[in-house]
Amino acid sequence: MRVHFVSDVHGAAEDLAAAADGADVFICLGDLLLYLDYDDPGQGAFAEVFGPEITAEYIRLRVAKEFDEARALTAAAWERISGGDDPSSRMRRFLPIIDRQYSEMFSAMPDSTLMTFGNVDVPGLAAKHINEGQRVLDGEVIEIGGLRFGFVGGGLPSPYRTPNEIPVADFDDRVAQLAGVDVLCTHIPPAIAELTFDVVARRFEVGSESLLRLIRETQPRYALFGHVHQPLNRRMRVGRTECLNVGHFRATRSPFVLDL
Ligand SMILES: [Mn+2]
């Protein structure tokens, strides 16, 4: 059984259909939306609303971890655009952009896609774009070819306040549903420094302690995830479990292929 994984697609819909070519099973581990492109301030929903100059400055402030200044920048910019800092009118402006991105993304993925959302997703806005046969799984196990695949999506609370960050207790409850799986599929990695450190952004992303415990205690064959775009280690062994970062599809434009 040939399984193709993608994660951190971040708007790269044009290469998504080809990523499923030759796959028996196609699995997406989330982060479909392109909100900010740290490599190109002209791309993404934020740039469409605020323009590339403000976007470049916003990225600079976030990279410098000056989150209050970043928020002040967008509040001031929004006031210039709309004459008031009203969160609901801001949402109305972002909605059609997010709609368009999700529409492109779900049309590009095969009808048999299995997926879970990432931290840069808005599940409520994605719902109407999900095609018949495409399944979103979270805290659930399904059996394929005699193997048990378990899924948990979303991220954990972080200073970056991305839209789909789940309280730790809720995330852990979903992880607890996955005991006994052969293949663990999540957006974020287990909390292991080598897997969570991004060598380009030079910061730790948030990994999950409960995932790490589940791996140590139940030893699935594989733990697959994305989230960290340029990890210090792309793979690592925890006992008999092979931990693998399948991502950053926006950069690689090719799937991670696993023969099971
Ligand atoms: Mn992510």
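How closely do the axes of helix 7 and helix 9 come, and at what angle do they cross? The axes of helix 7 (residues 168–176) and helix 9 (residues 209–218) come within 9 Å and cross at roughly 20 degrees. The structure is a predicted model, in which local features need pLDDT of at least 70 and side-chain atom pairs count only at pLDDT 80 or more, whereas totals for chains, interfaces and linings use all residues. Residues are numbered from 1 along each chain as its sequence is written.

**Figure 1. Overview of the protein chain.** The secondary structure comprises 10 helices and 13 strands; helices (H or I, at least four residues) and strands (E, at least two) are DSSP runs, numbered from the N terminus. Along the principal axes, the C-alpha atoms fill a box of roughly 60 × 35 × 30 Å. The radius of gyration of the protein chain is 18 Å, which agrees with the value near 18 Å for a compact globule of 260 residues (taken over C-alpha atoms; the globule rule is 2.2 Å times the number of residues to the power 0.38).

**Figure 2. Packing of helix 7 against helix 9.** Helix 7 and helix 9 are roughly parallel to each other (angles under 35 degrees); axes are lines fitted to C-alpha atoms, for helices over the stretch in contact, and angles run from 0 to 180 degrees between N-to-C directions. F171, D172 and V175 in helix 7 meet S210, L211 and L214 in helix 9, contact being defined by C-beta atoms, placed from the backbone, that lie within 7 Å. By class, this contact has 4 nonpolar, 1 polar and 1 charged residues (nonpolar: Ala, Val, Leu, Ile, Met, Phe, Trp, Tyr, Cys and Pro; charged: Asp, Glu, Lys and Arg; polar: the others, Gly among them).

Figure 3. Strand 2 (residues 25–28) and strand 3 (residues 114–115) pair in the parallel sense over 2 bridges. The bridge partner of I27 in strand 3 is L114.

Figure 4. Strand 5 and strand 6 (residues 147–152) run antiparallel and are joined by 5 bridges; E140 stands opposite F151 in strand 6.

Terms used: Angles under 35 degrees count as roughly parallel, over 145 as roughly antiparallel, 65 to 115 as roughly perpendicular and the rest as oblique. Two residues are in contact if their C-beta atoms, placed from the backbone, lie within 7 Å. Two strands pair if DSSP finds at least two bridges between them.
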